[in-house]
Amino acid sequence: MDATLARRLAGDLSIFGPSDARVRGLIGDPAADAVLRGDAAPARAALRSAPDDPVAALARLFVLGDRMPVAAVAAALLAIGVDGAALLGVLRAEGEHVVPLVAIRPHAFDDGAAGWIASDLDELAGVFPLRSDHVLGVGGAGRTLAAMLPPEGAGRALDLGCGCGVIALHLRRHGYEVVATDVSERALWFTRLNVVLNDLDGIEVRRGSLFDPVAGERFALIASNPPFVVTPRSDGVPQYEYRDGGATGDALMAQVVSGIVDHLEPGGSARLLGNWEDGPGGTGLERVRGWTRGLGAWVIEREHLDPVRYAELWVRDGGTRPGTREHDTLVEAWLDDFARRGVTGIGLGWVVLAAQTGLDRFERVAQQVDPAHLGAHLATALETVAHLGRLDDGGLAASVLQVAGDVTEARHHVPGSDSPSVIELRQGGGLGRTIDVDPALAALVGACDGELTAGVLIDAIAELLEADAARLRAELLPAARELLFTGFLSFA
């Protein structure tokens, strides 16, 4: 990758690049929102009405993947030029036209900065099925993993299986020195290009499989969206580097999770996305627990699919459309593989690991989660676990607690009754949890205003309810630990 040419392209993008704001100004919000849903037709129609606009030219070329006149593109690429862009490898000249070889699309970082992510052309650009070495852009999985990252950090971070490098860019912007690895040379080319397009340094790129490029090294943070898809290992089933690790079932995911322990610094942590199978060895969550030996683990299963829905998901992801013979053949191959190995379901979710004891939580969280503060919530939960591990019940009773500002309470009454039959605490942030509580716990949470210790509050509640104070402490202190971990309460 020619860094000089890439810097010239970055300069052109700063002037005429199809940023979200610029494109919305040209085509309007409805058409721009349709692009986010994978529908390019409204945007393409609107951009054709601005044939002389250089922003429109680059939007059609690099966002929508359209073949464009040389003159229109030359007017937008003043620094690198069409010839330079061809040498860089982002487009190809064909007579009086140019065709894009990559997608370059706007990306909003969580610190508010606007950037660019180059990747392979995809279905939005009319490319299907995908090439086997396809390098994915920023999709839902990438956005989720980016949201899971701690909002700030220091030291060295590893982006394992970096793909186009978007997570490495986020890690660098959060303050880490980053090593980005991938088995695909094409992926690393895109990562190097995106580092330059976003004017960053401090990202080292290495090629190799899994942890081979960082043997003997340890990191403060490891992030990975590994090629975890459970794909049949049979003839005729296409393999895609960005999602298929070449192992049977979820064995690749097991390798990644179990390998983390040898590469975390003391106090370090990891954020991963993954899939796991239910089968003869137990449920997926039970099997993941076996992969996390030597680490604190918090595994959150966000979705659970039966074999049919899982097969349909990933066959369609590769660009094979329903209603075709190829689609039916591939779905059958997936179902045959699952039946042969006794797989009854597949979990999809998040894995948070820590080089500390005391974290041992495996759960299903299906409700919608606001990603805005997810990374901060996960980081705070790890800090809270470590702090709670140093407190016995006496220490917790002596602590001053405070209810989170996003917590609300709902009480449900049977008509005509003065007392609620159900009391719910609802969390606006965090993982959006809703929990049922009894009157004593509701009273404790309501009284946690950062002034008095938990023990004093529990004793007062016991007197009010005419309950035994020692027994109430034995009930409420473990509940308070849970509410601290889940973010309903915090240490004042």
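Author: Let's take the open sheet of 3 strands, whose order is β1-β3-β2 and whose pairing is antiparallel. Strands here are DSSP runs of E with at least two residues, helices are runs of H or I with at least four residues, and both are numbered from the N terminus. Two strands pair if DSSP finds at least two bridges between them. This is a predicted model, where local features need pLDDT of at least 70 and side-chain atom pairs count only at pLDDT 80 or more, while totals for chains, interfaces and linings use all residues. Residues are numbered from 1 along each chain as its sequence is written, and side-chain values use heavy atoms, with hydrogens and water left out.

Next, follow β2 to its partner. β2 and strand β3, which covers residues 97–100, pair in the antiparallel sense over 4 bridges. To find your place in this pair, look for Ala93, which stands opposite Val98 in β3.

Helix α5, made of residues 54–63, lies across β1, β2 and β3; contact means heavy atoms within 4.5 Å. Helix α5 runs at about 50° to β3. For such angles, axes are lines fitted to C-alpha atoms, for helices over the stretch in contact, and the angles run from 0 to 180 degrees between N-to-C directions.
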